[in-house]
Amino acid sequence: MMYPKTPTKKKRKQHAPSILQEAGDHSCLLCALLKKEDARGIHQHHVFGGTANREKSEQWGMKAWLCLEHHEGRTGVHNNRKMDMFLKQRAQRAFEELYDHETFMREFGRNYL
Ligand SMILES: [Zn+2]
Ligand SMILES: [Zn+2]
């Protein structure tokens, strides 16, 4: 499904550091949360994908390093709905601790909790 293209008024640089991990922490967030062995993250995943939300994820720092298995494997967020939802909920909670629920809904348009 395509998102309607909205013209961008100004090109601002909107790359925020991740709000889900410490700067410089490149370990897999899901391995850490699930108390598995500390696996090295190899891809930085945008928690909310799709054309519009990928940019929002970038802008608000909704990014997490993931190991190959948790990114693209069978239990990875791109293949496993439960795992994807687990990460999205975690991200929404972190976001709402920093900002608030209204801002989350305005930016991402859906409640995952
Ligand atoms: Zn992992
Ligand atoms: Zn990804």
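The protein has 5 helices and 2 strands, where helices (H or I, at least four residues) and strands (E, at least two) are DSSP runs, numbered from the N terminus. Residues are numbered from 1 along each chain as its sequence is written, and chains are lettered from A and ligands numbered from 1 in the order in which they are written. Because the model is predicted, local features need pLDDT of at least 70 and side-chain atom pairs count only at pLDDT 80 or more, while totals for chains, interfaces and linings use all residues; side-chain values use heavy atoms, with hydrogens and water left out.

Of the 113 residues in the protein, 37% are buried. Buried here means under 20% relative accessible area, exposed means over 50%, and partly exposed lies in between (1.4 Å probe, protein chains only). Among the contacts in the protein with a separation of 6 or more, 59% are between residues 24 or more positions apart; contact means heavy atoms within 4.5 Å.

The metal site comes next. Three histidines, His45 (ND1), His71 (NE2) and His78 (NE2), coordinate the zinc ion (ligand 2) at 2.0 to 2.1 Å. Donors are N, O and S atoms within 2.8 Å of the metal (3.2 Å for Na, K and Ca), and since water is not among the atoms, sites may look incomplete. The spacing of the donor residues in sequence is H-x25-H-x6-H. Distant parts of the chain are linked in this way: His45 is in strand S1 (residues 43-46), and His78, 33 residues apart from it, is in the loop between helix H3 (68-72) and helix H4 (81-98).

With a relative accessible area of 6%, His45 counts as buried. Not counting residues up to four places away in sequence, His45 touches Met62, Lys63, Ala64, Leu66, His71, Val77, His78 and Leu87. With one of these residues, Ala64, which is 19 residues apart from it along the chain, His45 has a C-alpha separation of 5.3 Å. The side chains of His45 and His71 are also joined by a polar contact of 3.3 Å. A polar contact is a pair of N or O atoms within 3.5 Å; within protein, one must be able to donate a hydrogen and the other to accept it, and residues adjacent in sequence count only if both atoms are side-chain atoms.

Helix H4 has 18 residues, which at 1.5 Å a residue should span 26 Å, and this agrees with the 26 Å between its end C-alpha atoms. The expected span is 1.5 Å times one less than the number of residues. At the start of H4, the backbone nitrogen of Lys82 has a side-chain oxygen of Asn80 within 3.0 Å. Which residues of H4 are buried? They are Met83, Asp84, Leu87, Lys88, Ala91, Gln92, Ala94 and Phe95. These buried residues pack against helix H1 (29-33), S1, H2, strand S2 (63-66), H3 and H5.

Gln92 of H4 is buried at 0% relative accessibility. Its side chain makes a polar contact of 2.7 Å with that of Asn111. Leaving aside neighbours within four places in sequence, the contacts of Gln92 are Met62, His101, Phe104, Arg110, Asn111, Tyr112 and Leu113.

In helix H2 the buried residues are Asn53, Ser57, Glu58 and Trp60. S1, S2, H4 and H5 are among the elements that cover them. Just after H2, Gly61 has a positive phi of about 75°.

Two packed helices are described by the angle between their axes and the distance between the axes. H2 (residues 51-60) and H5 (residues 101-108) pack at about 140°, with their axes 10 Å apart. Axes are lines fitted to C-alpha atoms, for helices over the stretch in contact, and angles run from 0 to 180 degrees between N-to-C directions. H2 contributes Asn53, Lys56, Ser57, Gln59 and Trp60 to the contact, and H5 contributes Thr103, Arg106, Glu107 and Phe108. Thr103 is buried, at 13% relative accessibility. Apart from neighbours within four places in sequence, Thr103 is in contact with Trp60 and Phe95.

Lys35 lies in the loop between H1 and S1. Lys35 is exposed, at a relative accessible area of 71%. Its phi is near 55°, a positive value in a residue other than glycine.
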